[in-house]
Structures are given as C-alpha cells and as structure tokens.
Amino acid sequence: HYWFIEYDVAFSGSWRTFFAAYANDPSDLVAGSVRRRSDEPGWFWWPFMDFPGGPDQSAWLRSFFPLCRISRVALDMVAARVWERWTGHHEGLIPTAVRAAGLTVADLGGEGQWTPEDRRRRFYTSVSSDEGEMLLGTLRAAPPHFLPYLLHDVIYHPVKARKLPNYGDLLKMRQRFLLLLRRGVVGAWVASYWRLLARRRADGL
C-alpha cells in the first residue's frame, strides 16, 4: 500500500497512532468522504466523467483525496482504465475504477456507509450535501483552518500559513455558512461534531 498526504494536511496527534489504525485493514483504497452519486447528485464533476464500458452511473463513487491510501493492485487497475480512455476528476475516477474492478474501498473514518465500525466517528468530521461542496468539518475543501488542533487525534485540511482571516475571507465564510444553513447542512455538521466528541469520551480520550 502507498499513502498520499498533501502538504496542507495536519494530524493533531501522533502519526504512528494514525497509521496503526489501518495496519489490519486490507482495503485497496482508503480515502475520506466516500460517497455514491446518489448521495451527492449535484457534485460539480459528475457530468465530466466518461467511463467507456464502465459501470452504470448508480455505481459511481467519489471521495476526497488530501489523505488516502491505495494498493499496488488498485494503482495498476486505475492505470489500465485510463489507458482504456476513462476520463474525469481523479476523486471520482479512482474510487469508481477500484470498485468496478471488484476491489475494496473504505473510508478513513467519519460516519459514512463506507466507514468500518472500528473507525466510525474517528479521525475527522464532514458533512455530505447534494452539491458535495465540503465546506464544513475538519476534513474539508475550504475554507482553510485558522485554528486547527482544537481536538486531539483529528485530521485537519486545509491548514495554511498561520494568519488571521481578512475581511474578504470572513465575508466568503459568512456567505457559505448562510447558504449551508438554509440547506440544513449546518445542523448536520454540528451533530456530527458532537458525535465525534461522544466517541472520544466513550474511548476515554
């Protein structure tokens, strides 16, 4: 297996502890926020996917790759599909190709249907929305974390240079927050955050 970690990923604990949690997981692909197309039908990149001879759209997957692990077999399979002219955003093409080949996919943690029971509500929080925007949680696309490390043994992304947000950043964050609030996504994220805390209390952490 190969781990891929982007430069702006931070883990508020020992990486040794983090990697040990996956030592006995044989999954060919482990990534964050694994979703079916039906879970997030409005994700911007779905219309750009083209998988000749591939699975029906109901079997398409997407995931989030700032931090992921993939097996050599899965890498070879993805390369073969690309040679067969499969195209699209890598966060949709790769998990779909892995799953279509009969290989195994698992979530890093969180609460999705692809999360193994022993990692449920561990390592990160996120919220699924129809649009797949990923603007809330500890593992998200944007905005950057200005105050990471508030929780121990948690993945944070994106973590940029330490600085206070400027007025433009705050305005964008306010607009996104209000938009998600209207969609009912904020309440789901708050509930997810508290479930993560409850899991940590139950584990005595």
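Okay, so a salt bridge here is a side-chain nitrogen of Lys or Arg within 4 Å of a carboxyl oxygen of Asp or Glu. Keep that cut-off in your heads, and remember that this is a predicted model.

Take E117 and R120 to start with. Their closest N and O atoms are 3.6 Å apart, so the pair falls within 4 Å and counts as a salt bridge. E117 is exposed, by the way, at 60% relative accessibility.

How many salt bridges turn up in the whole structure? The search finds eight.

Next one: R121 with E111, 3.3 Å from N to O. Both residues sit in the loop between strand 5 (105-107) and strand 6 (155-156), so this pair ties together parts that are 10 residues apart in sequence. R121 is partly exposed, with a relative accessible area of 35%, and E111 is partly exposed too, at 27%.

Now over to helix 2, residues 72-83. R72 and D76 are both in there, four residues apart, which is about one turn of the helix. They form a salt bridge, and again we're looking at closest N and O atoms 3.3 Å apart. R72 is exposed at 52% relative accessible area, while D76 comes out partly exposed at 44%.

There's also a network: R35, E40 and R62 are linked by salt bridges.

Which residues make up the nonpolar patch on the surface? That's W3, I5 and F19, with about 230 Å² of accessible area together. F19 belongs to helix 1, residues 15-20, and it's partly exposed, at 31% relative accessibility.

Methods:
Residues numbered from 1 in each chain as written. Predicted model: local features only at pLDDT ≥ 70, side-chain atom pairs only at ≥ 80, totals over all residues. Heavy atoms only, no water. Patch = residues over 30% accessible without salt bridge, like charges linked within 9 Å, V, L, I, M, F, W, Y side chains within 5 Å. Areas by Shrake-Rupley, 256 points an atom, 1.4 Å probe, with all protein chains shown as cover. Helix = DSSP H or I, 4+ residues; strand = E, 2+ residues; numbered from the N terminus. Buried < 20%, exposed > 50% of the residue type's maximum accessible area, 1.4 Å probe, protein only.
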